[in-house]
Amino acid sequence: MEYSPRKMQEQLDNKEFHLKKKFGQNFIIDENIINNIVDKSKIEKDTLVIEIGPGAGSLTYKLASQAKQVLCYEIDTTLKPLLEENLKECDNVDILYQDFLVSNVKEDIQKYSYQQLYVVANLPYYITTPIIMKVIEDDLPVDKMVVMVQKEVGDRFKAKPKTKDYNSLTIYLNCFFEVEKLMDVSRNVFLPKPNVDSIIIEFRRKKEKLPFQNPEIFFQLVKDSFVQKRKNLRNNLKNYPLPVIEDVLKRYGLDLNVRAEALPVEIFIEIAKALGGK
Ligand code: SAM
């Protein structure tokens, strides 16, 4: 496959395909970026790669050359003729034309044998966070994700405590993954050109597990602590046994006037344990 803005446009015109904003369709038209994503993903030959949103298949084609198997989820069925044409040489690509967010991915991957499971994708921007949350909440055994996301959203994923971007999602993500920015990507490499720049982010599964068999209390605590970001813990957690929380905070030289955005994940873990999390 060759890539250039002209080629891609010609191909879309030939297949009478119109890019759809509602599905976040900004296709990559720069081969260097595609190569960069694939190289940085360091795909081993016995890897199953899940790609969300193959679009015209330009990234898929390269992924297929490295992976054992590529499993794609594409919501837009009108992309089928384009994908069939562009991926006709790839016998290790399966495409499910369905919404990733409501898919039973755990069941879908059961039919493959593989050593590593990666997610590699240029994500549709309008549902970046729900997609990543689904990977976590469905407890998918993903070893690594390499995803292109809108720059501002990516900054939130790797935010540190006491910064404006630090929130409950940052904490969830950092419980499970090492998060690292791999590279900046200019808006000029997409068709159509979006209003924002992008970054490629890598999430590597942490070896150490959360110290809870049943993390519900922990997750609920984190969610409630951030419910109103400008408010302190005394306000956001007023339905909790506050003296128990206060005791933990004291050990760190803090009190209930602290805001959730100032607390690292370790303190949330200690509070959840004090609240009975096991
Ligand atoms: N991978 C292609 C590329 O990089 O050129 C296209 C990426 S484009 C940013 C996002 C793709 O995700 C589109 O093909 C869009 O139709 C698809 N998509 C949007 N929402 C989806 C969903 N809920 N489930 C599966 N695919 C979705």
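Buried means under 20% relative accessible area, exposed over 50%, partly exposed in between (1.4 Å probe, protein chains only). My helices (H or I, at least four residues) and strands (E, at least two) are DSSP runs, numbered from the N terminus.

I'm working on a predicted model, where local features need pLDDT of at least 70, side-chain atom pairs count only at pLDDT 80 or more, and totals for chains, interfaces and linings use all residues. Residues count from 1 along each chain as its sequence is written, and side-chain values use heavy atoms, leaving out hydrogens and water.

**Strand 5**

I looked up burial here: seven of the seven residues of strand 5 are buried, so the rest of the structure largely encloses it. Gln116, Tyr118, Val120 and Asn122 sit on one side, with Leu117, Val119 and Ala121 on the other.

Next I checked its partners (strands pair if DSSP finds at least two bridges between them). Strand 2 (residues 47-52) runs parallel to strand 5 over four bridges, and Ile50 stands opposite Val119. Strand 6 is also parallel to strand 5, over five bridges, and there Val119 has Met145 as its bridge partner.

**Helix 2**

I then went to helix 2 (residues 31-41), where Ile33, Ile34, Ile37, Val38 and Ser41 are buried. Down the helix axis, the buried residues fall within an arc of 130° (taken from the directions from the axis to the C-beta atoms), so they line one face. On the other side, I found Asn32 and Asp39 exposed.
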